[in-house]
Amino acid sequence: MATTKEVTPTTVGSAKPTVVPVTTTTDDIEEDFPHIRENQYVLIHMPSGNVKMVNLKPKSQVSLGKFGTFSSNNLIDKPFGLSYEIYDQKGNIRPVRNWALATVEETNANNQNILDTAGVQKLTHEEVEKLKQEGLKGNMKHDDIINKIIESHSEFDKKTEYSKAKYIQRKRKKFMKVFTPVRPTLYSLAQFFFTKNPDKIRNMRVDTLSQIISLANIHANSKMLVVDDTQGLIVSAMAERMGGYGKIVGIHDGDHQNYDVMRYMNFSKRILESVHTIPLAKIDPNESEEEFVPRSEEEIAAMSEAELRGYERRQRVAASKAETRKLFFDGKFDGLIISSQYTPETVIKKLVPYLSGSRRIVVYSHSKEVLLEAAHYMRKSTDFLAVDITESSLRQYQVLPGRTHPEMTTSAGGGYILSAIKIIDCPFDMSQVYSENNARRKKRRNEKEQKKLAEKKSSGGKEETSEEKPVIEEEGEEQKKSEKMDITEDGESTTTAA
């Protein structure tokens with residue numbers, strides 16, 4: 001069971017501060033059905049199809065616009081994924097069956113003789129608005145409102161079952177006061193920001209993000225380097241995949257990071273402490289560190305409570321910056337992910353020396369032309385292997401009984417990915433390696449032959465030595481037979497071996 005913890009100021013020499021100063025919760029991965037906790041961020045799916053991000057503060061009211069208002073205390077400790085209905089003006093809610101799960105039976109009816117004009121609806125606009133007000137006050141259920149509208153529709157019975165289902169669905173989107181709280185995950189947040197504000201995440205689609213995580217080989221107990229200009233979407237994906245086991249060093253512009261997406265993920269303190277950030281201006285080894293001058297015990301004792309908190313905070317920040325710089329300059333990173341507004345090849349040249357050998361480099365950009373120059377540079381260099389540019393394709397489907405088909409509209413593109421492997425050039429002549437290998441093989445072959453000869457001598461004894469003599473004599477006779485007589489120009493004969 002997950003419990004809520006407040007991040008309180010720590011004392012001198014205690015745990016490091018987290019990157020995102022928000023109220024965090026312990027991991028709830030062991031729960032069969034995770035429940036909503038106070039101070040968490042929750043995605044509210046409304047009947048209209050819109051999604052709203054809500055921070056559930058205790059004893060507060062959450063407004064959903066025309067769909068009504070409910071009390072946050074009524075939603076806290078409830079499970080994710082259930083649909084709830086606001087049934088009165090006090091903000092009380094109750095779980096209801098999700099109307100999207102209804103099935104439709106196909107019939108032989110068709111829409112051929114339907115006259116879709118304004119006259120088919122007997123209710124006037126004023127009467128419909130009155131029904132809406134009654135629904136907002138809680139005096140009338142949304143099902144009753146929809147039934148009244150259906151009864152006053154003269155052409156409704158002539159529609160096919162699918163047309164009826166679509167008509168009822170449109171009316172439910174208008175009159176239903178039902179919402180569904182969804183747990184913020186990497187997929188749901190990527191979809192939320194791509195739909196609401198794609199420029200915030202550099203137009204990165206969720207399938208492209210999954211390709212980046214896969215190509216970079218993100219896993220637990222790894223040390224990763226990232227340049228993230230998607231306001232923390234990539235860093236959040238890496239932190240979720242690693243689960244707090246390992247180190248993530250993020251390089252950002254300015255003095256302070258802007259990983260806004262991370263605070264919506266409801267990460268635990270352990271996961272947040274695995275993320276370290278360093279400004280781009282501080283990755284220069286020649287740049288001096290900011291020195292923190294410690295105070296004496298007498299000066300600390302003379303401080304007020306507010307001054308002491310400020311002193312402890314500055315001390316923690318200075319220690320965290322020094323540790324992050326040391327972590328960066330130690331190098332030996334297991335991967336590099338880049339999504340930056342700067343030219344990719346300049347960033348690669350700056351950060352590749354801190355990467356270990358046989359490690360992956362992944363660069364994202366919404367424009368293919370930006371990556372072509374970087375790919376040309378990497379293919380000319382001897383430090384990279386398997387340089388490739390890819391583009392993923394995604395098409396969503398409507399999945400309903402008897403009505404499964406691709407959606408009519410989709411996004412034009414989700415960006416491009418440049419991937420490569422860093423290799424280490426051999427610092428010595430490879431011919432020496434080959435000669436050493438040949439010498440070792442020759443030595444092993446000679447040792448085997450000597451061993452066989454020793455075994456024969458020990459087993460055969462004198463008989464073996466006597467048998468070897470004729471062989472030597474025969475070899476001598478053959479050598480004599482192979483000699484030839486050559487005649488010189490002076491007529492003298494000379495003996496030469498063939």
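Two strands pair if DSSP finds at least two bridges between them. The model shown in these views is predicted.

**View 1. Strand S18 and its two partners.** Strand S18 covers residues 416-422. Seven bridges join strand S14 (residues 355-365) to S18, and the two run antiparallel. Within this pairing, Tyr364 stands opposite Ile417 in S18. Strand S15 (residues 384-390) is also antiparallel to S18, with five bridges between them. Here the bridge partner of Thr390 is Ile417 in S18. Six of the seven residues of S18 are buried, so the strand is largely enclosed by the rest of the structure.

**View 2. An open sheet of five strands.** The strand order is S4-S3-S9-S7-S8, and the pairing is antiparallel. Strand S4 (51-55) and strand S8 (93-96) are the edges, since each pairs on one side only. Neighbouring strands of this sheet are turned by 35° against each other on average, direction ignored. S7 and strand S9 (residues 178-182) pair in the antiparallel sense over two bridges. Glu85 stands opposite Val178 in S9. In a regular strand the side chains alternate between the two faces of the sheet.

**View 3. Aromatic rings.** A pair of aromatic rings is described by the distance of the centres and the angle of the planes. Rings count as paired if their centres lie within 6.5 Å, and the count comes to ten aromatic pairs. One of them joins Phe70 and Phe179: the ring centres are 4.6 Å apart and the planes are at 15°, so the pair is stacked. Phe70 belongs to strand S6 and Phe179 to strand S9, so the pair ties together parts that are 109 residues apart in sequence. Both Phe70 and Phe179 are buried. Elsewhere, Tyr41, Phe192, Phe193 and Tyr264 form one aromatic cluster.

**View 4. Lysines over rings.** Lys223 lies over the face of Phe333, at 4.7 Å from the ring centre. In a second example, the charged end of Lys349 sits over the ring of Tyr377. The distance to the centre of the Tyr377 ring is 4.9 Å.

**View 5. The loop between S6 and S7.** This loop joins strand S6 (69-71) and strand S7 (83-86), and Ser72 lies in it. Is Ser72 buried or exposed? Its relative accessibility is 0%, so Ser72 counts as buried. Ser72 touches Leu56, Lys57, Pro58, Lys59, Ser60 and Val62, not counting residues up to four places away in sequence. Asp77 lies in the loop between S6 and S7 as well. Asp77 counts as partly exposed, at 48% relative accessibility. Its phi is near 75°, a positive value in a residue other than glycine. Most residues other than glycine have a negative phi.

View 6. Asn221 is found in the loop between helix H5 (206-215) and strand S10 (222-228). Phi of Asn221 is near 60°, a positive value in a residue other than glycine. The relative accessible area of Asn221 is 63%, so this residue is exposed.

**View 7. The buried face of helix H2.** Helix H2 spans residues 142-151, and its buried residues are His142, Ile145, Ile146, Ile149 and Ile150. Seen down the axis of H2, these buried residues fall within an arc of 135°, so they line one face of the helix.

Definitions and conventions: Residues numbered from 1 in each chain as written. Predicted model: local features only at pLDDT ≥ 70, side-chain atom pairs only at ≥ 80, totals over all residues. Heavy atoms only, no water. Buried < 20%, exposed > 50% of the residue type's maximum accessible area, 1.4 Å probe, protein only. Helix = DSSP H or I, 4+ residues; strand = E, 2+ residues; numbered from the N terminus. Arc of directions from axis to C-beta. Contact = heavy atoms within 4.5 Å. Axes fitted to C-alpha atoms, helices over the stretch in contact; angles between N-to-C directions. Phe/Tyr/Trp six-rings, centres within 6.5 Å; stacked < 30°, edge-to-face > 60°. Lys NZ or Arg CZ within 6 Å of the ring centre and 35° of its normal.
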